[in-house]
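The sequence and the model are shown below.

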Amino acid sequence: MLKLFSGLKPYTWSLFWVVLFLFAQSLAELYLPTLMSEVVNNGMMKGDTGYVWRFGSYMLVVALISSLCSVVGSYLSSIIGMSFGRDTRYKVFSRVENYSLNEFDKIGTASLINRTTNDITQVQTLLVIGLRFMVNAPIMCIGGIIMAYSRDSHLTLILVVVLPLMLTFIGGVATFIVPLFKAMQIKLDKVNLVLRENLTGIRVIRAFNRLKKETVRFDQANRDLTDTAIRVNKIMASMQPVMIIFMNFTSIAIIWFGGLRIAQNNMQIGDMMAFIQYAMQIMFSIIMVTIMFVMVPRAQASALRINEVLDMEPTIVDPENTRSSHKQRGYVEFEDVTFFYPGAENPAISHISFQAWPGEVTAIIGGTGSGKSTLINLIPRFYDVTSGSVLVDGVDVREMSQEELRTKMGFVPQTPIIFSGTIADNIRYGKADAADDEVKHAADTAQASEFINAMQDGYQSIIAQGGTNLSGGQKQRLSIARALVRKPGIYILDDSFSALDFKTDARLRAALKNEIVNSTLIIVAQRVSTVMDADQIIVLDEGQIAGIGTHRELLESSQVYYEIVSSQLSQEEIA
Ligand code: ADP
């Protein structure tokens with residue numbers, strides 16, 4: 001946690017002021033009982049009204065100063081806490097933005113969201129409350145003991161008995177409660193998990209009639225959390241009366257023994273009253289420390305989770321000396337590439353070598369899990385190869401800057417991602433300064449203009465969150481248009497025709513062929529009809545190349561390809 005708090009450096013001055021104001025507040029509060037004892041001893045007991053008025057107004061002034069310092073201190077510490085939260089969120093966000101897919105796989109998207117929101121809030125709350133307690137509690141406790149001792153040293157013996165008793169009780173409760181708090185955190189995660197799965201998977205849940213089962217599952221997680229929370233609160237609730245009993249018995253003891261000392265003329269009434277107040281202040285400061293003890297482990301767990309995100313170095317970074325590619329535009333080459341996912345026993349792809357040239361279409365076909373997506377994810381360097389190398393325009397992708405590399409390509413992922421905004425915004429995601437004509441042209445080529453024009457506001461139509469008001473095929477075409485508008489040297493289309501009907505698929509391919517004259521087009525597909533006309537077809541089987549060539553050549557040479565083709569086309573079509 002200390003490491004995380006090093007992010008407070010820019011607020012050193014504000015922190016200084018917070019400490020100063022809270023310090024002043026504590027001192028003022030410590031001074032009040034002493035003033036009161038003056039009023040009682042030298043004013044009221046002696047019937048000196050003038051004295052009472054004078055010291056009474058001092059008390060008022062000190063109380064006002066104390067309140068003012070408290071308000072300013074709280075205000076400043078809130079500002080520091082919130083700014084710290086904002087900065088940490090920004091740090092986590094920008095770190096995550098630089099993650100490669102490897103790191104995403106490791107922590108998981110849901111957890112990353114939790115860490116950026118809930119965990120940072122925990123630490124931020126501790127900071128705001130902790131700042132106040134950390135300044136107030138020691139001053140009130142130590143100062144209180146000194147002041148109480150200075151009022152009457154004999155009565156201090158009462159505190160010597162009570163305080164250890166109180167500390168033992170609090171310690172006992174804390175050992176119960178801290179593990180429960182930790183368990184609550186985990187149970188809250190579980191509720192979040194079930195809730196998220198249910199919200200995103202609602203269609204599947206309904207289609208498979210799992211609604212009742214899911215309700216039970218949620219109910220269990222929810223109850224589990226509630227039960228633990230109730231147990232925590234029961235313990236906390238029992239703490240309050242016990243503390244009050246402690247305080248009241250302490251007061252009784254002080255009054256009892258103080259009374260005896262007053263009767264023996266060893267003590268004055270005002271001192272006894274001040275003594276009671278100091279005893280209360282000391283006990284309150286101990287309660288403050290207890291609250292800190294409960295909050296710290298919680299925030300500590302959160303701090304660990306945040307640090308884990310901040311400490312994880314992105315595995316894919318730009319080299320110190322980047323190399324730019326020479327003039328060639330859109331040339332892709334794989335040289336004996338093997339790739340293992342982290343922790344995987346078998347390679348996802350192995351010994352892959354091929355070249356893809358501008359002006360040509362390279363298609364990749366193979367069964368599910370044969371490594372098609374893995375292969376094309378290596379071109380924009382979403383992952384780094386385990387051995388071998390991927391060259392783009394003659395330069396190893398690891399030697400190029402990621403920005404330069406990715407500017408060269410238009411990537412269409414397997415599941416189209418649509419951002420909130422209008423249709424035009426989504427297409428312009430590929431090229432921010434694209435003119436209206438360019439946007440329209442890209443949509444035309446992607447066979448998207450027909451459905452866009454049919455929408456009420458055309459290109460300005462608002463897309464619902466996640467693109468839910470578009471069909472799968474419409475989303476695919478939009479995301480193809482987004483790649484087209486960039487006019488890159490390399491197009492990578494990962495199974496982007498899967499939701500299109502055969503007619504649209506054929507029209508789109510024809511349009512692409514006219515559009516992409518000088519660029520390399522790499523398409524992953526399941527359908528033979530999509531890849532048949534490609535200049536070269538790469539057949540993948542269990543991560544290895546089972547054949548490279550044109551449709552005709554492969555029919556002769558590759559058994560795997562023949563099997564794929566014969567499962568999809570009739571004998572006449574093959575012939
Ligand atoms: P395809 O696109 O041909 O269906 P993939 O390239 O997606 O195949 O997957 C190839 C293999 O790699 C599969 O065995 C799959 O289980 C594994 N795989 C894919 N993505 C990951 C990942 N993020 N982490 C670990 N293994 C993965």
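Which polar backbone atom lies 3.2 Å from an oxygen atom of the ligand? That atom belongs to Ser-370. The model is predicted, so local features need pLDDT of at least 70 and side-chain atom pairs count only at pLDDT 80 or more, while totals for chains, interfaces and linings use all residues. Residues are numbered from 1 along each chain as its sequence is written, and side-chain values use heavy atoms, with hydrogens and water left out.

| Residue | Protein atom | Distance to a ligand oxygen atom |
|---|---|---|
| Ser-370 | polar backbone atom | 3.2 Å |
| Gly-371 | backbone N or O atom | 3.1 Å |
| Thr-374 | polar side-chain atom | 2.4 Å |

Taken alone, the ligand exposes 560 Å², of which the protein buries 59%; the areas come from the Shrake-Rupley method with a 1.4 Å probe. The residues around the ligand (a heavy atom within 4 Å) include Asp-105, Tyr-341, Lys-372 and Tyr-383. By class, this shell has three nonpolar, seven polar and two charged residues, with Gly counted as polar. Helix α10 (residues 372–377) gives the most to the shell, three residues; helices are DSSP runs of H or I with at least four residues.

The structure also holds one cavity of 30 Å³ or more, a cavity being a set of points on a 1 Å grid where a 1.4 Å probe fits but cannot get out. Glu-438, His-441, Ala-442, Leu-484, Lys-487 and Glu-515 line the largest cavity, each with an atom within 4 Å of a point. Three lining residues, the largest share, come from helix α13 (residues 436–445).

How values were computed. Polar contact = N/O pair within 3.5 Å; in protein donor to acceptor, adjacent residues only side chain to side chain. Helix = DSSP H or I, 4+ residues; strand = E, 2+ residues; numbered from the N terminus. 1 Å grid on protein atoms, 1.4 Å probe; cavity = no way out; pocket = protein on both sides within 12 Å on 5 of 7 lines; lining within 4 Å. Points joined across faces, edges and corners; volume = space filled by probe spheres on them.
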